[in-house]
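This briefing is meant to be read beside the sequence and the coordinates.

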Amino acid sequence: MHEPNSPASSDDSVLIRLEVLQASTSSADPNLVSKHVEQLLRSRRLKYSNECIPFAAEDGDFLSKHVVSISIVDTETDQEAPQGTHLLFWQVQLEIHVFQLSEEGPADDDEPEDDVSTYRDWLLPALDFHSLWDSLIYEGDIKSRLLQYASTAILFGEREVDPSLVSFNRTVLLHGPPGTGKTTLCKALAHKLTVRFSHRFARGQLIEVNAHSLFSKWFSESGKLVSRLFAKITELVEEEDSLVCVLLDEVESLTRARSAAVSGSEPADAIRAVNALLTQLDALKAHPNVLVLTTSNITGAIDLAFVDRADIKAYVGPPGIQARYEILRSCLAELQRVGVLSSSAPAPPLYTTAMQTSMACMAGEDGRSEGEMAAGRSLLRAAEACEGFSGRMLRKLPFLAHAGAAANRKSQELDCEAFAQRLTQAAQQETSDRGCMDG
């Protein structure tokens, strides 16, 4: 795997990370791919923003044959360079990550209990997760916070920091209401880390544990299920060139099982299984190439013994106005891309610009056309109408808005401004339907 470029000597350089997706049919050395990408960039100005870098056959047969895409991601700088600033090659410090996607899909437990698998196993980076990271939009810094945490956990493991002196468990707990993207964020993080640390780990694996399946209806079988599961995980983490992420969804189910056992409504086998699971999680922290990612929808039900083990306990709540606007804007961009909405019509601008235009209501103040500003104002009203909606519901709303307009023969010819108005109507309908359910 490619070793990221060494840090530039100038303190004024801007760090730009690039992710280079190598074709699945390519057998080229990733280091050679990286050199060709670097050569391509020497003749170009780089834009300080997250974007794809176009290249064509005239840029060389090698890139056309071996590379699918080149993307600038997670740009960092110590300077106050605004997004969109153009930089010359000598002004940047490049960190290039070359990777290939696994197209195998998930593999289920080959020895399920009562035909219910205890885990699913993905090879990373996975085609299934390739676009997840960018699709998740939050107003806070949770994505960068998790990325920095994981980077530190891997670094401390590599440097063999004594955990009895500097304590860390390599365990993350994401909690919050349903539909906010906690599980998706865990999967996206595992994928992202495998790409980011491709110079350190030859491969990655995600083990998604079905916590409910660990509690067998047969007395004394639950402990065996836990032991078999972690025997599999231990076998994986013993391969030091593999990054293993263990995803434990709805971790509060552990508490329920143990509480029920204490009250006598469940056999003592359940509490032994939970204790065994916690013990096995403790044993995993001795391995520098493993991370445990967990989620919970019911914070009050999480076992305190587990909470104490989590290094980060991050709340993932419903998106605020900025995140709602950007989620809906990304949906409109996708509908324009595939031709459901008019691709020639003005698209809404970024949220900050939309806020300015919603107050100024004048074209040309920031270089935007009246059409773009009108689309932005309409989308902002739609985002305001979606107060309290989860990210899952927001991404479903464009479908419902289009379905509601199906009676109109010209519904597929709508522009972004008109469709944003239909989003507002769909949001109001959803709010009304929820009110009826609440009685």
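A cavity, as the word is used here, is a set of grid points where a 1.4 Å probe fits but cannot get out, and by this rule the count comes to three cavities of 30 Å³ or more. The model is predicted, and its mean pLDDT is 84, with 81% of the residues reaching 70 or more.

**Confidence**

- Among the elements of the protein, confidence is highest in α5, at a mean of 96, and lowest in helix α7 (residues 252-263), where the mean is 66.
- Over residues 5-10 the pLDDT stays under 50, and for this stretch the model has eight contacts beyond four places in sequence.
- Where pLDDT is low, the predicted coordinates should not be read in detail.

**Overall make-up**

- The secondary structure comes to 14 helices and 13 strands, and buried residues make up 49% of the 439 residues in the protein.
- Of the contacts with a separation of 6 or more, 79% are accounted for by residues 24 or more positions apart.
- The protein exposes about 21,400 Å², of which carbon and sulfur atoms supply 50%.

**Nonpolar cores**

- The largest nonpolar core has 34 residues, and those that touch the most other members are I142, L146, L174, L185, L193 and L206.
- Two or more residues of this core come from each of the strands β8 (119-124), β9 (171-175), β11 (242-248), β12 (290-296) and β13 (312-315), and likewise from each of the helices α3 (132-135), α4 (142-158) and α5 (182-196).
- The largest share, seven residues, is given by α4.
- Apart from this core lies another, of 30 residues, which includes Y119, L229, V237 and L254.
- L174, one of the residues that touch the most other members of the largest core, is in contact with I142, L146, K182, L185, C186, T294, T295, S296, A314 and V316, once its neighbours within four places in sequence are left aside.

**Pocket and cavity**

- The second largest pocket holds about 650 Å³ of space.
- Its lining is made of 38 residues, of which Y138, G179, T180, G181 and K182 are the closest to its centre.
- The elements that give two or more residues to this lining are α3, α4, α5, β12, β13, α10 (321-337) and α13 (391-404).
- About 40 Å³ of space lies in the second largest cavity, which is lined by V209, L229, F230, V246, L248, L277, L281 and V292.
- To the lining of this cavity, α6 (221-237), β11 and α8 (268-284) each supply at least two residues.

**Backbone features in loops**

- The peptide bond from L124 to P125 is cis, with omega near -5°, and P125 lies in the loop between β8 and α3.
- R170, in the loop between α4 and β9, has a phi near 60°, which is a positive value in a residue other than glycine.
- R170 counts as buried because its relative accessible area is 5%, where the cut-off for buried is under 20%.
- E250, in the loop between β11 and α7, also has a positive phi in a residue other than glycine, near 50°.
- E250 counts as partly exposed because its relative accessibility is 31%.

- K232 has its place in helix α6 and counts as partly exposed, at 24% relative accessibility.
- Residues up to four places away in sequence not being counted, K232 touches Y119 and D121.
- The C-alpha atoms of K232 and I207 are separated by 9.6 Å, although these residues are 25 apart along the chain.
- I271 lies in helix α8, and its relative accessible area of 22% makes I271 partly exposed.
- From C-alpha to C-alpha, I271 and G223 are 9.4 Å apart in space, while in sequence they are 48 residues apart.

Conventions. Residues are numbered from 1 along each chain as its sequence is written. This is a predicted model: local features need pLDDT of at least 70, side-chain atom pairs count only at pLDDT 80 or more; totals for chains, interfaces and linings use all residues. Side-chain values use heavy atoms; hydrogens and water are left out. A nonpolar core is a set of buried Ala, Val, Leu, Ile, Met, Phe, Trp, Tyr and Cys residues joined through side-chain atoms within 4.5 Å. Buried means under 20% relative accessible area, exposed over 50%, partly exposed in between (1.4 Å probe, protein chains only). Helices (H or I, at least four residues) and strands (E, at least two) are DSSP runs, numbered from the N terminus. Contact means heavy atoms within 4.5 Å. pLDDT is the predictor's confidence in each residue, from 0 to 100. Accessible areas come from the Shrake-Rupley method with a 1.4 Å probe; for residues, only the protein chains shown count as cover. On a 1 Å grid over the protein atoms alone, a cavity is a set of points where a 1.4 Å probe fits but cannot get out, and a pocket is an open set with protein on both sides within 12 Å along at least five of seven lines; lining residues have an atom within 4 Å of a point. Grid points are joined across faces, edges and corners, and a volume is the space filled by probe spheres set on the points.
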